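Me: I would like to learn how to read the features of a structure, one at a time. Could we go through an example together?

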Amino acid sequence: MKFYVLLAFLVTACNFPKDPENTFENAQEHQLKIGVTENIPFTNKNEEGKEIDFLKEFGRSEKLETEFIFGSESDLIEKLEKREIAILAGGFEKNTIWVKKAGLSRSYDSIHVFLIPKGENKLLQHLELFIHKNKQP
């Protein structure tokens, strides 16, 4: 009996973490689409700011081409929910009003997070590992 429980666990663990919409694989094959709402010093429309720099470095570390899509918070949240973008940056704090509509990464500086589609796991795992290795004060 223990053998079958262990076997079932090993078979299901092989597919972890789940990537229900193939977000990470799509980013590897095409581009990592990142939504950006302007919030200086975190982000600005010139593709500059500490979060944009951080995400550019994340893309390089994963060998992902990045594309930044600018817009308002509400428009970008809608794109995130439709999975038209994979990450949303804009100086969001852990207690963001968007917590019901988006998943949150771990904090990269003890306050600020990135928003991701709810249920996203594989991309989040890679992003959080990068955050862990590059946590800012």
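Me: Which residue in E5 is the bridge partner of Leu-88?

Reply: Happy to start there, with a word on the source first. This is a predicted model, in which local features need pLDDT of at least 70 and side-chain atom pairs count only at pLDDT 80 or more, while totals for chains, interfaces and linings use all residues. Residues are numbered from 1 along each chain as its sequence is written, and side-chain values use heavy atoms, with hydrogens and water left out. Now to your question: the bridge partner of Leu-88 in E5 is Leu-115. Strands (E, at least two residues) and helices (H or I, at least four) are DSSP runs, numbered from the N terminus. Two strands pair if DSSP finds at least two bridges between them.

Me: How many bridges join E3 to E5, and how many join E4 to E5?

Reply: E3 and E5 run antiparallel and are joined by 3 bridges. E4 also runs antiparallel to E5, with 2 bridges between them; Gly-103 has Ile-116 as its bridge partner in E5.

Me: Which residues lie on each side of E5?

Reply: The general idea is that side chains in a regular strand alternate between the two faces of the sheet. In E5, one side holds His-112, Phe-114 and Ile-116, the other holds Val-113 and Leu-115, and all are buried. Buried means under 20% relative accessible area, exposed over 50%, and partly exposed in between (1.4 Å probe, protein chains only).

Me: What does Leu-104 touch beyond its sequence neighbours?

Reply: Leu-104 is in strand E4 and is partly exposed, at 24% relative accessibility. Contact means heavy atoms within 4.5 Å. Not counting residues up to four places away in sequence, Leu-104 touches several residues, including Lys-94, Val-99, Leu-124 and Glu-128. Thr-96 is another of its contacts. That residue, Thr-96, is in the loop between E3 and E4 and is buried, with a relative accessible area of 10%. Setting aside neighbours within four places in sequence, Thr-96 is in contact with Leu-104 and Leu-115.

Me: Now a helix, please. Which residues of H3 are buried?

Reply: An α-helix has 3.6 residues a turn, so residues three or four places apart point the same way. In H3, the buried residues are Glu-51, Ile-52, Phe-54, Leu-55, Phe-58 and Gly-59. They cover an arc of only 160° around the axis, which puts them on the same side of H3; the arc is that of the directions from the helix axis to the C-beta atoms. What covers these buried residues includes strand E1 (32-36), strand E2 (66-70), E3, strand E5 (112-116) and helix H5 (122-133).

Me: What span should the 12 residues of H3 have?

Reply: The expected span of a helix is 1.5 Å times one less than its number of residues. For H3 that gives 16 Å, which agrees with its end C-alpha atoms being 16 Å apart. After H3 comes Lys-63, whose phi is positive, near 60°.

Me: How should I read charged pairs? Which residue forms a salt bridge with Arg-60?

Reply: Side chains of opposite charge can pair when their charged atoms come close. A salt bridge is a side-chain nitrogen of Lys or Arg within 4 Å of a carboxyl oxygen of Asp or Glu, and by this rule there are 5 salt bridges. Arg-60 pairs with Glu-57, with the closest N and O atoms 2.9 Å apart. Both lie in helix H3 (residues 50-61), 3 residues apart, about one turn of the helix. Arg-60 is exposed at 52% relative accessibility, while Glu-57 is partly exposed at 36%.

Me: Where do Glu-81 and Lys-101 lie?

Reply: The side chains of these two, Glu-81 and Lys-101, meet in a salt bridge (4.0 Å, N to O). Glu-81 lies in helix H4 (residues 73-81) and Lys-101 in the loop between strand E3 (87-93) and strand E4 (103-104), so the pair ties together parts that are 20 residues apart in sequence.

Me: Last topic: how many aromatic pairs are there?

Reply: A pair of aromatic rings is described by the distance of the centres and the angle of the planes. Rings of Phe, Tyr and Trp (its six-membered ring) pair if their centres lie within 6.5 Å; planes under 30 degrees apart count as stacked, over 60 as edge-to-face and the rest as tilted. The whole structure has 5 aromatic pairs. The rings of Tyr-108 and Phe-114 have centres 5.2 Å apart and planes at 25°, so this pair is stacked. Both Tyr-108 and Phe-114 are buried. Ring pairs link Phe-54, Phe-58, Tyr-108, Phe-114 and Phe-130 into a cluster.
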